[in-house]
Amino acid sequence: MTRINVRVDGVTYTDEVEPRTLLVHYLREQLGKTGTVVGCDTSNCGACTVHLDGRSVKSCNVLALQADGHEVTTIEGLATDGRLHPMQQAFHECHALQCGYCTPGMIMQAIDVLNENPKPSEQEIREGLEGNLCRCTGYHNIVKAVQQVAGTGEGERA
Ligand code: FES
Ligand code: FES
């Protein structure tokens, strides 16, 4: 076991982890942050996406040890003072989810897309989200939600 210090959703944790422990398993099983989900465990689906020092990563592809000394934000750390993050609100308003399984990772990735490029084209949004799979929505409303936050959707260009 190895000791790590990691800040998750604004709280600092000191924990013992096995060298092979994946960040997603640390978040879910040791910290109880089950908002971050596992879809594949093989870095294909993006359901486990979190932010590591402000950039999105697939947390099934990162060791908990690699987060030592770093800052992690999960879907559970986005709301402030009981108010949804604008991207969460947009997903809600645009009906950008059905079963919701992909949603935590999709939202974390969508925020990263806009952090990198605040006014992306529809194509750039689709490319930015291509590592996150959704079985339900056909992606259309997800793209609309991202456009709503960016202010680049139809009727928002003026
Ligand atoms: S669970 Fe990490 S990419 Fe699918
Ligand atoms: S809403 Fe069901 S997988 Fe995306």
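What share of the contacts in the chain with a separation of 6 or more comes from residues 24 or more positions apart? Please continue from there to the open sheet.

Analyst: This is a predicted model, in which local features need pLDDT of at least 70 and side-chain atom pairs count only at pLDDT 80 or more, while totals for chains, interfaces and linings use all residues. Residues are numbered from 1 along each chain as its sequence is written, and chains are lettered from A and ligands numbered from 1 in the order in which they are written.

Residues 24 or more positions apart account for 58% of the contacts in the chain with a separation of 6 or more; two residues are in contact if their C-beta atoms, placed from the backbone, lie within 7 Å. The chain contains 5 helices and 5 strands, and its elements follow the order β-β-α-β-β-β-α-α-α-α from the N terminus. These elements are DSSP runs numbered from the N terminus, helices being H or I of at least four residues and strands E of at least two.

The 5 strands form an open sheet with mixed pairing, in the order β2-β1-β5-β3-β4; strands pair if DSSP finds at least two bridges between them. At the edges are β2 (11-17) and β4, each of which pairs on one side only. From one strand to the next the twist averages 40°, where axes are lines fitted to C-alpha atoms, for helices over the stretch in contact, and angles run from 0 to 180 degrees between N-to-C directions.

Within the sheet, β1 (residues 2-8) and β5 (residues 71-73) pair in the parallel sense over 2 bridges. Arg7 has Glu71 of β5 as its bridge partner. Helix α3 (residues 103-116) lies across β3 and β4 and runs at about 40° to β3.

The domain assignment, from an automatic or database source, gives domain 1 (2-76) and domain 2 (86-150). Their C-alpha centres lie 21 Å apart, and their contact takes 14 residues from domain 1 and 11 residues from domain 2. On the side of domain 1 that touches domain 2, the elements giving two or more residues are β3 (49-52) and β4 (55-58). Of these, β3 gives the most, with 3 residues.
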